[in-house]
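Please read them with the sequence and the coordinates open beside you.

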Amino acid sequence: MGVGSRRLLPVLVVLLVLTGCTPVSAPVVSPAPSFRCTPEAGGDEFDCSQHQYDEMVAKDALYAEAEAVYRKFLAEDTRIMRAGGVTEPTEVLLETTSGEFLEDVMGLYRDLAADGVRAKGGDPELRSFVRAPGRSKTGSEVSVTTCVDSSELEFFTNGKSEGAGLIALDENYFGRVAGALKLIGADGKLVKKC
């Protein structure tokens, strides 16, 4: 070991000892809570406040509730068409629909019953369920656009085929009735595909 190395050795030892004895007390910095929101109509996430985040979570829950109501109605609609209509609203119809919408579908179901028309075949398929923010009708709380393909159904009167079901693109409106979210209105048109 050279003379220069011998002089450096005590300095290194002192530095190592001091480093080992020095308490590390760096302050722990907690990151500010950050929230990420997605626009109601979909799109890219963005930084948002706690309030905006809470509103987004509430809207998401509302749309999820609307979809559950719609799917329950669609299953009952299919059941009623296969049964040949009804003359009075069923329990499920009263749970999922109200107002103008209930009146409209009951008109259809009464016609099926009066004419002896029954559906057979595959279940209608909900091909799309799309949020429609900002669209409102008759005091609705939320609106969605749906596309339902009923082309696998076939309608019969006294055993004679009347033709296949159709594909419908509908603007659906949901509102609270006695605390429950229900379908309260719809505007639609027939389309060739979803």
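1. A polar atom of the Thr-90 side chain lies 3.1 Å from the backbone nitrogen of Leu-93, which is a polar contact in the sense used here (a pair of N or O atoms within 3.5 Å; within protein, one must be able to donate a hydrogen and the other to accept it, and residues adjacent in sequence count only if both atoms are side-chain atoms). Thr-90 itself sits in the loop between α2 and α3, where helices (H or I, at least four residues) and strands (E, at least two) are DSSP runs numbered from the N terminus. Thr-90 is buried, with a relative accessible area of 14%; buried means under 20% relative accessible area, exposed over 50%, and partly exposed in between (1.4 Å probe, protein chains only). Setting aside residues up to four places away in sequence, Thr-90 touches Glu-76, Arg-79 and Ile-80, a contact being heavy atoms within 4.5 Å.

2. A word on the source: this is a predicted model, in which local features need pLDDT of at least 70 and side-chain atom pairs count only at pLDDT 80 or more, whereas totals for chains, interfaces and linings use all residues. Residues are numbered from 1 along each chain as its sequence is written, and side-chain values use heavy atoms, with hydrogens and water left out.

3. How confident is the predictor in the protein chain, taken as a mean pLDDT? The mean pLDDT is 87, and 83% of the residues reach 70 or more, pLDDT being the predictor's confidence in each residue on a scale from 0 to 100. Over residues 3–23, however, the pLDDT is below 50, and beyond near neighbours in sequence this stretch has one contact in the model. Where pLDDT is low, the predicted coordinates should not be read in detail.

4. On the overall layout, the protein chain has four helices and nine strands, and from the N terminus on its elements run α-β-β-α-α-α-β-β-β-β-β-β-β. Of the 194 residues of the protein chain, 32% count as buried. Among the contacts in the protein chain with a separation of 6 or more, 54% come from residues 24 or more positions apart.

5. Two helices can be checked against their expected span, which is 1.5 Å times one less than the number of residues. The 34 residues of α2 should span 50 Å, and the end C-alpha atoms of α2 are 50 Å apart, which agrees; α2 is followed by Gly-84, whose phi is positive, near 90°. Helix α4 (residues 99–115) has 17 residues and reaches 25 Å from its first C-alpha to its last, close to the 24 Å expected, and α4 is followed by Gly-116, whose phi is also positive, near 70°.

6. Which residues of α4 are buried? They are Phe-101, Leu-102, Val-105, Met-106, Tyr-109 and Leu-112. Seen down the axis of α4, these buried residues fall within an arc of 120°, so they line one face of the helix; the arc is that of the directions from the helix axis to the C-beta atoms. The buried residues of α4 pack against α2 (50–83), α3 (91–96), β3 (117–121) and β9 (180–191), while the face turned away from the buried side carries the exposed residues Glu-103 and Ala-114.

7. The structure holds two disulfides, a disulfide being a pair of cysteine sulfur atoms within 2.5 Å. One joins Cys-37 to Cys-48, with an S to S distance of 1.9 Å, and the torsion about its S-S bond is about 75°, so this disulfide is right-handed. Cys-37 lies in strand β1 (residues 35–37) and Cys-48 in strand β2 (residues 46–48), so the pair ties together parts that are eleven residues apart in sequence. Cys-37 and Cys-48 are both buried.

8. In the other disulfide, the sulfur atoms of Cys-147 and Cys-194 are 2.0 Å apart, and the torsion of about -85° about the S-S bond makes it left-handed. Cys-147 lies in strand β5 (residues 142–149) and Cys-194 in the segment after β9, so this pair ties together parts that are 47 residues apart in sequence. Cys-147 is buried, with a relative accessible area of 2%, whereas Cys-194 is partly exposed, at 45%.
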